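Here is a short report for a reader new to this structure. Begin with the sequence and the model, then read on.

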Amino acid sequence: MSEQDRGNTARLPPVTQVGMLSLAMIVAGGIYLSAHIPEHVSLTPAIVLLCGSALLLAGNLAALARVEGFPWRRFFEIARWALVAYLIIAGMIEYAFLRNNLSGGPLVVLTLSLVVFAVHVPVLISFTVARFADS
Amino acid sequence: MAHAAVSAPGVVGDGPLLALERPDFQIVPRAGLPIVAVVLALTIAGIAVNEEWPLTFLHVVGGAAWTVIDLFLGFVLGPIIGRMSIPARVEFTTRLMPKMVLIMPTVVTVTLAAGWQLATKLGNTHTSYALHGWIVASYIVVGIMAVIALGLLEPANIAVLVEMKKPRPNPEVIERLMKRFIYTAGATGLMQVATFVIMTKLASG
């Protein structure tokens, strides 16, 4: 890796690491709910995990927004198509929930989790591409 | 087919001293999109119909493809790619990776969506199911694989293709991203062994 690349990497926030932690929290919340439904289940752990994941997503975007000279054009070039792809995937998962008559609190928490998933994965893909935009 | 040049590692200056030919390619192969659309439509239809045979078919075929690709890529192709000459590696990568962009998300989505529907139909998601602990174990294994694949593998796949599309790609970036891709494919391949254990246990009761 060149000196310039090393410099670029050094001043970038840990978007991938934070993104993976956020995804892990979403997945953990999803596993927790899936392991209990259709029986009654306390939503508190899933809500805590969802809020934590959403905060990490917001933090990731805020940290990226502060990076001087970040190649946003390349970022959004990739992000828009990745977003389309992951919205389709999230839509299919949501359809499976609705098909099985999931409703109420668990449906709301899982739907919001899918929203965070469908936004954060494109962010990770676009970030990985954009960080090497000037390599 | 159009070709472009990739400079070899360590080459600096205005023009590459040693240039490698690479075939032209599409990052997302458009010809494959209708096939993906058909597969996803079949999955939606399978979930809507909610019959055991189509759901089992989609889950088993998707799961088999997912498992075999992960294992083959991580433990067979990965080491081979690592020992290839740079021109061969470049050509192989430009032909393999665009297909992976479409194949992996599709087989994963089909496997999980059909599997969830099948488990729900059979009552396997209920806590009263005798092997419910094994079902939850499968959620955990898939969850870990999903985080690795979505956070590391898929971004590396796209990024290496975008890098190779550039007029003058950086071989060091490609090398770094390919290593990440192969290592994460190996890690998910190892996790697939756990999937084998769980799924054979669930199938045999």
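In chain A, residues 24 or more positions apart account for 86% of the contacts with a separation of 6 or more. Two residues are in contact if their C-beta atoms, placed from the backbone, lie within 7 Å. This is a predicted model: local features need pLDDT of at least 70, side-chain atom pairs count only at pLDDT 80 or more, and totals for chains, interfaces and linings use all residues. Residues are numbered from 1 along each chain as its sequence is written, while chains are lettered from A and ligands numbered from 1 in the order in which they are written.

Chain A has 5 helices and 0 strands. From the N terminus on, its elements run α-α-α-α-α. Helices (H or I, at least four residues) and strands (E, at least two) are DSSP runs, numbered from the N terminus. Along the principal axes, the C-alpha atoms of chain A fill a box of roughly 55 × 25 × 20 Å. Of the 135 residues of chain A, 34% count as buried. A buried residue has 20 or more other C-beta atoms within 10 Å of its own, an exposed one 12 or fewer, and a partly exposed one falls in between; C-beta atoms are placed from the backbone.

Now the contact between the chains. It takes 29 residues from chain A and 31 residues from chain B. On the side of chain A that touches chain B, helix 2 (15-36), helix 4 (72-99) and helix 5 (104-130) each give two or more residues. Helix 2 of chain A gives the most, with 10 residues.

Next, a helix pair. Helix 1 (residues 33-49) and helix 2 of chain B pack at an angle of about 145°, with their axes 8 Å apart. Axes are lines fitted to C-alpha atoms, for helices over the stretch in contact, and angles run from 0 to 180 degrees between N-to-C directions. The residues in this contact are listed here.

| Helix of chain B | Residues in the contact |
|---|---|
| Helix 1 | B:L42, B:T43, B:G46 and B:V49 |
| Helix 2 | B:P54, B:L55 and B:L58 |

Last, one residue of chain B. B:M84 sits in the loop between helix 2 (52-83) and helix 3 (86-122) of chain B. Why is B:M84 partly exposed? Because 13 other C-beta atoms lie within 10 Å. Not counting residues up to four places away in sequence, B:M84 touches B:R89 and B:F92. B:M84 and B:A41 are 43 residues apart in sequence and 39 Å apart in space, C-alpha to C-alpha.
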